[in-house]
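User: I would like to learn how to read the contact between two chains, and after that the fold and the packing behind it. Could you take me through this step by step?

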Amino acid sequence: MTNSTVDRLVNHYLARLDDAAQALPPDRRTELLAEIREHIDASMSGGTGADEADVRTMLDRLGDPADIVAAALEDSLPAPPPNPDPSLGRRPGIGLEVGAVVMLTVGSLIPLGWFVGVILLWSSGLWRRSEKLLGTLIVPGGPGLALFGGAAAASWLGAAQPCVGPVTSTISGQIVTPAQACTGSGLAPALGVALLLFVLIAPIVVAIVLLNRARGRAALVGP
Amino acid sequence: MVAAETRSLSQLRRGVLEYCVLSLLSDTSLYAFDLVRRLSEADGMVISEGTIYPLLSRLRREGWVSTTWAESVEGPPRRYYSLTPAGERALAAFTADWRRFRDAVDALLPEEAT
């Protein structure tokens, strides 16, 4: 019989494991060695007996001691509290993100509201730089300013037609409703309306996209 | 590419292996050696059997599995693993998540040639 060879193989393997396991906390190290020894014993007490080839295969399947210890190191990081109830788990809030999106859209109707939104947008950690740029650039000033600007633009385009346009000074921020804009014939009013629709809808679409991404990322981070 | 396959597989394995352990224990308790062997029989699930032991140890600490010693006909007493109620809940939650996730990935990947 090759019992001595088998014993030597097993002892050599366990010695390598013990050596590698010095990186572990003492109780983990003892536990891991006991479990691997148990595995080896269980394998050798099986009906197939334990000739040298079997033992070599078995140790091969167990794997490199260094790999096992690496896995143990990963798993011995502080465990999360036992039995976390998912319904009680607190998700990281996205209040900041909701605030940013609200200020960028509805908030832009009040003075400086949009700027507050931009500051909140850029101080969040849940968005990429490209998404923050998107939120800032569509549309600068938000729907509020865009509404005023769009109306002004419509008037101005209307003014380009042979109709009188006394509203060129409204860019300074004075409210001009679309009704006041010149509704002269031609493409200009249609263009104005399209632009108006775009600047109203695009920021809302962007806001929804941003909010969804923030929600998704907050959920990934977990409680 | 063997190397690329191994890397993506090992990343996937990292996330799902513990739930495969829970699933194997859902109907019956198993002793460690059997558990390990059954996992390594599943294609691509385990490369190094020894790395399952640290995982089992973590599942015990998390309270998802419990162990009892039982005498065996031949050889030393064996430690049997079974699922705790918390482990059952974790498995149920993962199973639902996994189905949703799998369907989403399948929908995004190119269709399998039949």
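Analyst: Let us begin with the residues that meet, bearing in mind that this is a predicted model. The contact draws on 29 residues from chain A and 28 residues from chain B.

User: How much area is buried between chain A and chain B, and what share do carbon and sulfur atoms give?

Analyst: Buried area is summed over both partners. Here it comes to about 2300 Å² between chain A and chain B, and carbon and sulfur atoms give 49% of it. On the side of chain A, the three residues A:Glu35, A:Arg61 and A:Asp75 supply 28% of the area that this chain buries against chain B, more than any other three residues.

User: How many salt bridges does the rule find across the interface?

Analyst: The rule asks for a side-chain nitrogen of Lys or Arg within 4 Å of a carboxyl oxygen of Asp or Glu. Across the interface of chain A and chain B it finds five salt bridges. One of these pairs B:Arg79 with A:Glu35, whose closest N and O atoms lie 3.8 Å apart.

User: Which elements of chain A give two or more residues to the side that touches chain B?

Analyst: They are helix H2 (26-44), helix H3 (52-62) and helix H4 (65-75) of chain A, and H2(A) gives the most, with ten residues. Sorted by class, that side of chain A has twelve nonpolar, eight polar and nine charged residues.

User: How many helices and strands are there in chain A as a whole?

Analyst: Chain A has nine helices and zero strands. To see how the chain is folded on itself, one can look at how far apart in sequence the contacting residues are: among contacts in chain A between residues at least 6 apart, 68% join residues at least 24 apart. Of the 223 residues in chain A, 35% are buried.

User: Which residues touch the most other members in the largest nonpolar core?

Analyst: That core has 46 residues, and A:Leu32, A:Ile36, A:Ile40 and B:Leu22 are the ones that touch the most other members. If residues up to four places away in sequence are left out, A:Ile36 touches A:Tyr13, A:Leu14, A:Leu17, A:Leu62 and A:Ile68, together with B:Gly50 and B:Tyr53. A second, separate core has 14 residues, including A:Ile94, A:Trp114, A:Leu121 and A:Trp127.

Note on methods:
Residues numbered from 1 in each chain as written. Chains lettered and ligands numbered in written order. Predicted model: local features only at pLDDT ≥ 70, side-chain atom pairs only at ≥ 80, totals over all residues. Heavy atoms only, no water. Core = buried A, V, L, I, M, F, W, Y, C linked by side-chain atoms within 4.5 Å. Buried < 20%, exposed > 50% of the residue type's maximum accessible area, 1.4 Å probe, protein only. Contact = heavy atoms within 4.5 Å. Buried area = accessible area lost by both parts, 1.4 Å probe. Helix = DSSP H or I, 4+ residues; strand = E, 2+ residues; numbered from the N terminus. Nonpolar A, V, L, I, M, F, W, Y, C, P; charged D, E, K, R; others polar.
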